[in-house]
Amino acid sequence: MGDLEHWQYDTFVVRWRDRSLGADAFVTFSLQPDGSIAEVRMRPVSPATDFSFDFQDLLLRPVAKDAPVR
């Protein structure tokens, strides 16, 4: 679990509540023309972040409201 802080423009920083992770990340939102979220990408704030977190490999997209839960 973490808290988002606005960084600049469409980018935030997630600061994990478990500070022992040492893995804060930038979270960037891409928006649709209507202002809804199209996708979210993440990348580590620090180059010293353990590469196994794989933030840069995530591409998060909203799920349709009527989509079945898996």
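Reply: Start with pairing: two strands pair if DSSP finds at least two bridges between them. Strands (E, at least two residues) and helices (H or I, at least four) are DSSP runs, numbered from the N terminus. Here, Phe-12 has Val-27 in β3 as its bridge partner.

Me: What kind of model is this, and how are residues numbered?
Reply: The model is predicted: local features need pLDDT of at least 70, side-chain atom pairs count only at pLDDT 80 or more, and totals for chains, interfaces and linings use all residues. Residues are numbered from 1 along each chain as its sequence is written, and side-chain values use heavy atoms, leaving out hydrogens and water.

Me: How many helices and strands are in the chain?
Reply: The chain has zero helices and five strands. Read from the N terminus, the order is β-β-β-β-β.

Me: Do β1 and β2 run parallel or antiparallel?
Reply: They run antiparallel. Six bridges join β1 (residues 2-8) to β2 (residues 11-16). Asp-3 stands opposite Arg-15 in β2.

Me: What lies between β1 and β2?
Reply: Two residues do, and the two strands form a hairpin. Tyr-9 sits in the turn, with a positive phi of about 50 degrees.

Me: How many bridges pair β2 with β3?
Reply: Four bridges, again in the antiparallel sense. Strand β3 covers residues 25-31.

Me: Where is Asp-24?
Reply: Asp-24 is in the loop between β2 and β3.

Me: Why does Asp-24 count as buried?
Reply: Buried means under 20% relative accessible area, exposed means over 50%, and partly exposed is in between (1.4 Å probe, protein chains only). Asp-24 counts as buried because its relative accessibility is 12%. Across the chain, buried residues make up 21% of the 70 residues.

Me: Which side chain makes a polar contact with the side chain of Asp-24?
Reply: A polar contact is a pair of N or O atoms within 3.5 Å; within protein, one must be able to donate a hydrogen and the other to accept it, and residues adjacent in sequence count only if both atoms are side-chain atoms. For Asp-24, the partner is the side chain of Arg-19, at 2.8 Å.

Me: Which residues does Asp-24 touch?
Reply: Contact means heavy atoms within 4.5 Å. Not counting residues up to four places away in sequence, Asp-24 touches several residues, among them Val-13, Trp-16, Pro-44 and Phe-55.
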